[in-house]
Amino acid sequence: MTDDRDPALQALFAEVQQDLPADAFTAQVMSRIDRLNRRRAIAWICAGLVLAPGVWWITGPLQDAVLLLAQGLAVPLIDLENRLLADVVAPLNNVASVFALALLGLRAAYRRVSS
Amino acid sequence: MPSTRDSYAGALETLLVGLARTGDRDAFAELVRRRQSWIRNLMRRCCGDATLADDLAQQVFLQAWRKIHHLREANRFGAWLKRLAITVWLQHMRAKDALKDADEYDETIPAPPAAPGLAMDLDRALASLSEPVRICIVLAYHEGMSHEEIAEITDLPLGTVKSHIRRGAQRLREILSDYRTSPESEMAP
């Protein structure tokens, strides 16, 4: 403690510190915690019940969309006759790599502008 | 065979905090048992009303239970709990919109009826201070926090904190003059 304090006031504050009985207070706190936990559990169950039909309903179309997107991104940019060469450059020779390069370029440009 | 409560009674606080972080209810109950007196006393000095103080102290422990998994260093539990307690108190005061009309003390606040005992007299004297002055005084004298720490935790400018503490202490000295018995207590403001 580095600040100037009135020692008489400090003594008064120290003197009024009471050792308060713990049991009843602790029981009340834990009872409130139990109620809170019960409410949370009920809220999660309700949310699950509400969301479950929605998730079931959306799963099919979502799966189709993801599959379509994956197929679109994997389309080769250049058709190569040589099968071995096509396999080697496959990670770069697709639509997804163009998107990735574009995003990296945008990120670099943003950093240059903002710095 | 000892109960869980008995086995936790002698455990290190850092161990209890670690267990409470994993959701161990009994470990948290032991932490409440150990720290309740300190937090309740702090709240009593802040609000001067034992019932409200206990309710706010319960809110502090409820928030601690909700957030304890965010506490990275178990050995900082005490400081973390104190910060939670002060935040709960400040939120309570903001809800009452009291921090904005903030100067020294409000003499229009009627003092509670006189009651015997130093604690009651001190709480009555604290109640005569405005909320910002009171929180600064309580944090300085009850918690032994430095002016910088108080400024940081209350978001008040350092100069304001110093001024609040100086004037609040002066006011308390006037009200509690009957309790001053030793010559060294005669301090400059």
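Is B:Asp155 counted as buried or exposed, and how many C-beta neighbours lie inside 10 Å of this residue? In this predicted model, B:Asp155 has 8 C-beta neighbours inside 10 Å and therefore counts as exposed, since a residue with 12 or fewer falls into that class. B:Asp155 belongs to the loop that links helix H8 (147–154) to helix H9 of chain B. Most residues other than glycine have a negative phi.

The two chains were examined next. Chain A contains 4 helices and 0 strands, and its pattern along the sequence is α-α-α-α. Chain B contains 9 helices and 0 strands, arranged from the N terminus as α-α-α-α-α-α-α-α-α. Of the 115 residues of chain A, 8% count as buried; in chain B, which has 189 residues, buried residues make up 39%. Within chain B, contacts between residues at least 6 apart in sequence were also considered, and 58% of these join residues at least 24 apart.

The chains meet through 26 residues of chain A and 30 residues of chain B. On the chain A side, the elements that contribute two or more residues are helix H1 (7–15) and helix H2 (23–73). The largest share of that side, 8 residues, is supplied by H2(A). Sorted by class, the side of chain A that touches chain B holds 14 nonpolar, 6 polar and 6 charged residues.

Helix H1 of chain A also takes part in covering a helix of chain B. Helix H6 of chain B, residues 118–127, has as its buried residues B:Leu122, B:Asp123, B:Ala125 and B:Leu126. Viewed down the axis of H6(B), these buried residues fall within an arc of 160°, so they line one face of the helix. An α-helix has 3.6 residues a turn, so residues three or four places apart point the same way. The cover over the buried residues of H6(B) includes H1 of chain A, together with helix H3 (25–47), helix H7 (131–142) and helix H9 (158–175) of chain B.

Two packed helices are described by the angle between their axes and the distance between the axes. For H3(B) and helix H5 (residues 77–95) of chain B, the angle is about 30° and the axes are 11 Å apart. Because angles under 35 degrees count as roughly parallel, H3(B) is roughly parallel to H5(B). The crossing of these two helices, H3(B) and H5(B), is right-handed. From H3(B), the residues B:Arg35, B:Ile39, B:Leu42, B:Met43 and B:Cys46 meet B:Leu81, B:Ala85 and B:Trp89 of H5(B). By class, this contact of H3(B) with H5(B) has 7 nonpolar residues, no polar residues and 1 charged residue.

A further residue of helix H3 of chain B is B:Cys47. With 22 C-beta neighbours inside 10 Å, B:Cys47 counts as buried, because the class requires 20 or more. When residues up to four places away in sequence are not counted, B:Cys47 touches B:Leu52, B:Ala53 and B:Leu56. The C-alpha atoms of B:Cys47 and B:Met93 are separated by 9.7 Å, although these residues are 46 residues apart along the chain.

Terms used. Residues numbered from 1 in each chain as written. Chains lettered and ligands numbered in written order. Predicted model: local features only at pLDDT ≥ 70, side-chain atom pairs only at ≥ 80, totals over all residues. Contact = placed C-beta atoms within 7 Å. Nonpolar A, V, L, I, M, F, W, Y, C, P; charged D, E, K, R; others polar. Arc of directions from axis to C-beta. Axes fitted to C-alpha atoms, helices over the stretch in contact; angles between N-to-C directions. Parallel < 35°, antiparallel > 145°, perpendicular 65-115°, else oblique. Left-handed = near helix turned anticlockwise from the far one by under 90°.
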